[in-house]
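Have the sequence and the model open side by side while reading.

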Amino acid sequence: MNRDTGTIKCIARKKLMGNYGVLVGAVILAQLIPSLLLSLFQAVIDLESRSGYVVYTVAELIIALLSMVISVGFVYMIMSVLRGGKVTYSDLFYAFKNHPDRYILAGILEIVIFLIPVLPGYIMMMAFIMTEDMVYFAPAMFLFAAGIIIEVILMLKFAMVFEIMLDNPSYGVVYSFKESSAIMKGHKGRLFYLGISFIGWFILGLLSAGIGFLWITVYMNAAMIVFYFDITGEVMDDEELAGTQFDEAL
């Protein structure tokens, strides 16, 4: 449908009215649960010992994966709200009850895909640090810059993987990545612009000592999902926005 950025953000704000409370609470829970689990491990594990450090590292990895599955539940909640549904805090754990292995595998695959482009720059930088030979510095900077650009493109290309998986429970992980790549053709620049349009909100979040990010996280995720609805052709009630003026400064 190719709605412009302003319309996408307007729809997100309109749909979120009356739903911020439960969604902000979900953001808090999604951050609090992993933090409490890590604190628990820190309290019971001897980090001074080698075995304790290994156990803690494994625990960190497991908790990171659990956190990612929780984040999928958060996406599910926002998708439900935008479609006019009602959500509860239990929906935050939706992915745990619906083949969490799919989302864990997708998360691991994302990490691998996004790591590969910056790996050459990292290796070259390590060579510079270890040898202090300036011959490695310029190549390291170039490879890092090139890697970050490629990484951003890949992030945009595969930005809709979890939304696709939530909408299509029968889709495999690899197929979901292929589908995201397909639907994002011709739309990566639009999504990038939508992302940077939140810079003003991020500044406000910093000025609020981080508290504002609770609402900004909800708003930004909602706008991204409206964008997903837009490129997949899902009909939304744009008509209710007709004649309504919104502040486009942020």
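A residue is called buried when its relative accessible area is under 20% and exposed when that area is over 50%. With that cut-off, the buried residues of helix α6 are A140, G147, E151, L154 and L156. The model is a predicted one, and residues are numbered from 1 along the chain. Helix α6 covers residues 137–157. Its 21 residues reach 30 Å from the first C-alpha to the last, close to the 30 Å expected at 1.5 Å a residue. The elements that cover the buried residues of α6 include α4, α5 and α9.

Now take the chain as a whole. The protein chain has 11 helices and zero strands. Of its 250 residues, 40% are buried. The C-alpha trace spans about 65 × 45 × 45 Å along its principal axes. Consider next the contacts between residues at least 6 apart in sequence: 73% of them join residues at least 24 apart.

Helix α2 runs over residues 20–44, has 25 residues and reaches 36 Å from its first C-alpha to its last, close to the 36 Å expected at 1.5 Å a residue. Its buried residues include V22, L23, V24, G25, A26, V27, A30 and P34. Among the elements that cover the buried residues of α2 are α1 (5–16), α3 (50–82) and α11.

V27 lies in helix α2, and V27 counts as buried because its relative accessible area is 5%. Leaving aside neighbours within four places in sequence, V27 is in contact with F74, L214, T217 and V218. The C-alpha atoms of V27 and S71 are separated by 8.8 Å, although these two residues are 44 residues apart along the chain.

What happens to nonpolar side chains in general? In soluble globular proteins, they tend to be buried together. In this model the largest nonpolar core holds 58 residues, and L23, F74, Y103, M160, L191, L194 and F227 touch the most other members. Helix α11 (residues 213–231) supplies the largest share of this core, with 13 residues.

H187 lies in the loop between α8 (173–183) and α9. H187 counts as buried because its relative accessibility is 14%. Apart from neighbours within four places in sequence, H187 is in contact with N2, F227 and I231.

Rolling a probe the size of a water molecule over the atoms shows where empty space is left. About 920 Å³ of space lies in the largest pocket. Of the 32 residues that line this pocket, the closest to its centre are E110, A159, F162, E163 and N221. Two or more lining residues come from each of α3, α4 (100–115), α6 (137–157), α7 (161–167), α9 (188–196) and α11. Which classes of residue make up the lining of the largest pocket? The lining has 25 nonpolar, five polar and two charged residues.

Finally, turn to the backbone. Most residues other than glycine have a negative phi. H99 is not a glycine, yet H99 has a positive phi of about 55 degrees. H99 is found in the loop between α3 and α4. H99 counts as exposed because its relative accessibility is 55%.

E132 is another residue with a positive phi, near 55 degrees, and E132 is not a glycine. E132 lies in the loop between α5 (119–131) and α6. Is E132 buried or exposed? E132 is exposed because its relative accessible area is 68%.

How values were computed:
This is a predicted model: local features need pLDDT of at least 70, side-chain atom pairs count only at pLDDT 80 or more; totals for chains, interfaces and linings use all residues. Side-chain values use heavy atoms; hydrogens and water are left out. A nonpolar core is a set of buried Ala, Val, Leu, Ile, Met, Phe, Trp, Tyr and Cys residues joined through side-chain atoms within 4.5 Å. Buried means under 20% relative accessible area, exposed over 50%, partly exposed in between (1.4 Å probe, protein chains only). Helices (H or I, at least four residues) and strands (E, at least two) are DSSP runs, numbered from the N terminus. The expected span of a helix is 1.5 Å times one less than its number of residues. Contact means heavy atoms within 4.5 Å. On a 1 Å grid over the protein atoms alone, a cavity is a set of points where a 1.4 Å probe fits but cannot get out, and a pocket is an open set with protein on both sides within 12 Å along at least five of seven lines; lining residues have an atom within 4 Å of a point. Grid points are joined across faces, edges and corners, and a volume is the space filled by probe spheres set on the points. Ala, Val, Leu, Ile, Met, Phe, Trp, Tyr, Cys and Pro count as nonpolar, Asp, Glu, Lys and Arg as charged, and the others, Gly among them, as polar.
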